[in-house]
Amino acid sequence: MLLEDLADTFTRALRGFCDAAETWLQANQSGATHAQFLNLYFDVLRFLRTAEDAGESHRYLLLRGAKGVYLKLLCLNPGPGLQDGFSRVHSSVCFSATLSPQPYFETLMGIHLDADWYEIPTPFPAQNLGVFVTSYIPTTYRRREDSIYDLVDSLAEIVRAKKGNYIAFFPSHAYLRTALEKFTERYPGMNTLQQSSIMNDEERLDFLNQFDDVDTEKLGFAVMGGVFGEGVDLKGSKLIGAIIVGVGLPQLSLERDLIRDYFDERVDSSEYGRTDGFDYAYQYPGMNRVLQTAGRVIRSETDLGIVCLIDHRFNESRYRQLFPVSWQPQVMRNKNELAQSVKQFWSNIDADVSIKNDSNIHSSSERDSELN
């Protein structure tokens, strides 16, 4: 439910709670519930401070959750607030591996159009990464059931092309479970791992430790944007392939639709001009998730691996223009073509390694001859 504004009686009640909470926290510092109550106090305090500065880019939502009804203050566009902060300092440096497309991040970060932008080339050799796009597998919700066996057969072909560790990333746990069920039904001999919807720290660590063994054929099933899609550093041969199923679009929701409507209606001719609400609410966040997930493969200058993008939409210009400039994508029209191309990539890699090894041996022999 969307609220127009907060009632004054509600904000007064929250301020009253903060005053009472401060008194209680000072008097009960050794109490068993002190830490939990302190977190609640800071949550309410942050809400009040944010609400004081809330403007046209904020919305109040009354939502129903597992533990009851709760109030959410949603920021549709953090740009105005960040721009105000930037104006108070002499200079700022913002950096990330994923700051594309530029207009999107200029808007959300409140960066002025006259700011200098620099794109630093990747330090990793482009030939170390094979990028494959399947044009024959639709993963939209309505067509997933029809394409499920094309999907699992393609997963098998990728893993068969070179023995090693792979992770297939899915947009939801439901899709993951369906794919895993069909995969194990069709390929019962292949070693698989599954990310469950609820995992404690020990279970997460155990999942990652399975990739320490680089001499086996292993396929993990994980969720895009989850704990294994970002911040995971499986270097060397621990992970030689990421298979990304779908374009990463967030699920339809009231919050995403509010962001879409906000940017559809937003016109600021002096700064960024009209923006596309669907792109800002769904496409760009989804593609950012895809790029973060793809980044799990190449973690150092010597890493080798593949990224396979499974969705026919990746072959459309609106998505292709968001690919990193270092990518050299190949479009696959069927699973046989995919299998042959992935095998050829690894064959070329093995040939390059062999040439380098021969060159090193030759150079070493020359040095030995000079010493003798």
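Ser100, Pro101, Tyr284, Met287, Asn288, Leu291 and Leu322 line the largest cavity. A cavity here is a set of points on a 1 Å grid over the protein atoms alone where a 1.4 Å probe fits but cannot get out, and lining residues have an atom within 4 Å of a point. Before going on, a word on the source: this is a predicted model, where local features need pLDDT of at least 70 and side-chain atom pairs count only at pLDDT 80 or more, while totals for chains, interfaces and linings use all residues. Residues are numbered from 1 along each chain as its sequence is written, and side-chain values use heavy atoms, with hydrogens and water left out.

Back to the cavity. The structure holds one of 30 Å³ or more, and the largest has a volume of about 40 Å³; a volume is the space filled by probe spheres set on the points, with grid points joined across faces, edges and corners. Its lining has five nonpolar, two polar and no charged residues. In this scheme Ala, Val, Leu, Ile, Met, Phe, Trp, Tyr, Cys and Pro count as nonpolar, Asp, Glu, Lys and Arg as charged, and the others, Gly among them, as polar.

Next, the pockets. A pocket is an open set of points with protein on both sides within 12 Å along at least five of seven lines. About 1,800 Å³ of space lies in the largest pocket. Of the 49 residues lining the largest pocket, Ser96, Ala97, Thr98, Leu99 and Glu119 lie nearest its centre. Which element gives the most to that lining? Helix α9 does, with three residues; helices (H or I, at least four residues) and strands (E, at least two) are DSSP runs, numbered from the N terminus.

The second largest pocket has a volume of about 480 Å³. Its lining counts 18 residues, and Tyr141, Arg144, Leu249, Pro250 and Gln251 are the closest to its centre. Here too α9 gives the most, with three residues.

Last, the sheet. Seven strands form an open sheet in the order β6-β7-β5-β8-β9-β4-β10, with parallel pairing; two strands pair if DSSP finds at least two bridges between them. Because β6 (191-194) and β10 (329-332) stand at the edges with a single partner strand each, one side of each is left without a neighbour in the sheet. Inside the sheet, β5 (residues 165-170) and β7 (residues 218-223) pair over six bridges, and Phe169 stands opposite Ala222 in β7.
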